[in-house]
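Trainee: I am new to this structure and would like to learn how its parts pack together. May we look at it first?

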Amino acid sequence: MTMWPALFSLTNLVAMAAWVVLAFFPRKPLAHSVILFLGVGLLCLVYAACFAVVLGGLADPVSQPGAGQPGFGSIAAVQAIFQSQGGTVIGWTHYLAFDLFTGLWIARDADAKGFSRLVQLPFLLATFLTGPVGLLAWLAVRERRARTTGRG
């Protein structure tokens, strides 16, 4: 099905646009809403629709690795999901949505704790590229400021 490459490209475009707004635009309520609803929310909607379509067998059905194995109960079952283009788009959209949501949280948290945008940028970039590594780095750095300011 040729829709998967197009959907993959679209989700990347949505995520990239939202990351650009997060990193470089003024953090006003409108920007936060754009990132949250037109970025994270739209990615979540695409994820949910694709999840239902693929795992429901309506398009690009995934092959099950063996009888009696649940869809996420083993490495083989999860690998089977990623064997299809639809499954790959589902997984990638999941990463994009959660990394963007995490980046938005980091930015809001950093703003609330008085970190400059220049200090925030490496954490946002790390979260964009490596998700949990960026979050872990931010959690380590923010802790000291949270303790000294009393804003946990």
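Mentor: A nonpolar core is a set of buried Ala, Val, Leu, Ile, Met, Phe, Trp, Tyr and Cys residues joined through side-chain atoms within 4.5 Å; buried means under 20% relative accessible area, with a 1.4 Å probe and protein chains only. The model is predicted, so local features need pLDDT of at least 70 and side-chain atom pairs pLDDT 80 or more, while totals for chains, interfaces and linings use all residues. Residues are numbered from 1 along each chain, and side-chain values use heavy atoms, without hydrogens or water.

Trainee: How is α1 oriented relative to α4?

Mentor: Helix α1 (residues 3–24) and helix α4 (residues 85–112) pack with axes 10 Å apart, at an angle of about 5°. Axes are lines fitted to C-alpha atoms over the stretch in contact, and angles run from 0 to 180 degrees between N-to-C directions. Angles under 35 degrees count as roughly parallel. Therefore α1 is, relative to α4, roughly parallel.

Trainee: Is Thr11 buried or exposed?

Mentor: Thr11 lies in helix α1. Leaving aside neighbours within four places in sequence, Thr11 is in contact (heavy atoms within 4.5 Å) with Leu43, Val46, Trp92, Thr93 and Leu96. Because its relative accessibility is 2%, Thr11 counts as buried.

Terms used: Helix = DSSP H or I, 4+ residues; strand = E, 2+ residues; numbered from the N terminus. Parallel < 35°, antiparallel > 145°, perpendicular 65-115°, else oblique. Buried < 20%, exposed > 50% of the residue type's maximum accessible area, 1.4 Å probe, protein only.
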